[in-house]
Amino acid sequence: MEGTNPVNKKLVAALSGGAVLVLALSGCSSDDGNDKLDAWAKQVCDAVQPQAKKIESANAAIQKETSDNATPEEVQKTDSQAFQDMSDAYKAIGTAVDKAGAPDVENGAKKQQDAVKELNGISASYADLKKQVDKLDTKDQGKFAEGLKDIATELNKLSTSGSNALKTLEEGEVGQAMAEQSSCKSATGTPSAAAG
């Protein structure tokens, strides 16, 4: 069964990259400054936090199954459920950002709409990955490993390209409202900044 493990480790690495952008949105509001913006940040973050936990749990499930030396059937089942959970979570975050309306900043409406579109796109991508995992042939170890490799490649693309509109949404005053909170500082801090 060892053939699936190196490939599945790639899945884990790719997945954890994608979860970072959600953590950047979680737990954010500010006591001073723009009251409307603070209220907006609170509404979005209150909705995002449970979804961020859901995505973390999906990551943890895949990591656990990788270390457990799981069978292809177990890998398929766990990955399928994880991708479904992630798809649901990103869709819920998109809905939350949509419901919150435009943040009270310049070009707020465009930034909000772009972020919603992007979140829904990420949700659809995870739904597609679920379909791919469900189709994998668990009876053929070689084919299964190859299929997982393709999925890991897709995940890598998703985690590197998936958060541009969210980053734009978090720039400027929106980012400041979030950055004043210690929970946001820890969620968005980069390893290089910490090491420096």
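Let's start with Val 105. Leaving out residues up to four places away in sequence, Val 105 touches Leu 37, Glu 173 and Val 174; contact means heavy atoms within 4.5 Å. A word on the basis: this is a predicted model, where local features need pLDDT of at least 70, side-chain atom pairs count only at pLDDT 80 or more, and totals for chains, interfaces and linings use all residues. Residues are numbered from 1 along each chain as its sequence is written, and side-chain values use heavy atoms, without hydrogens and water.

Where is Val 105? In the loop between α3 and α4. Helices here are DSSP runs of H or I, at least four residues, numbered from the N terminus. Val 105 counts as buried because its relative accessibility is 16%; buried means under 20% relative accessible area, with a 1.4 Å probe and protein chains only. Its C-alpha atom is 8.5 Å from that of Gly 172, 67 residues apart along the chain.

Next, Gln 76. This residue sits in helix α3, residues 72–100. Gln 76 is also buried, because its relative accessibility is 16%. A polar atom of its side chain lies 3.1 Å from the backbone oxygen of Leu 136. Beyond neighbours within four places in sequence, Gln 76 contacts residues including Val 133, Asp 134, Thr 138 and Phe 144.

Last, the core. The largest nonpolar core has 35 residues. Such a core is a set of buried Ala, Val, Leu, Ile, Met, Phe, Trp, Tyr and Cys residues joined through side-chain atoms within 4.5 Å. Among those with the most contacts inside it are Trp 40, Phe 83 and Tyr 126. Helix α3 gives the most to this core, nine residues.

Methods
Helix = DSSP H or I, 4+ residues; strand = E, 2+ residues; numbered from the N terminus. Buried < 20%, exposed > 50% of the residue type's maximum accessible area, 1.4 Å probe, protein only. Polar contact = N/O pair within 3.5 Å; in protein donor to acceptor, adjacent residues only side chain to side chain.
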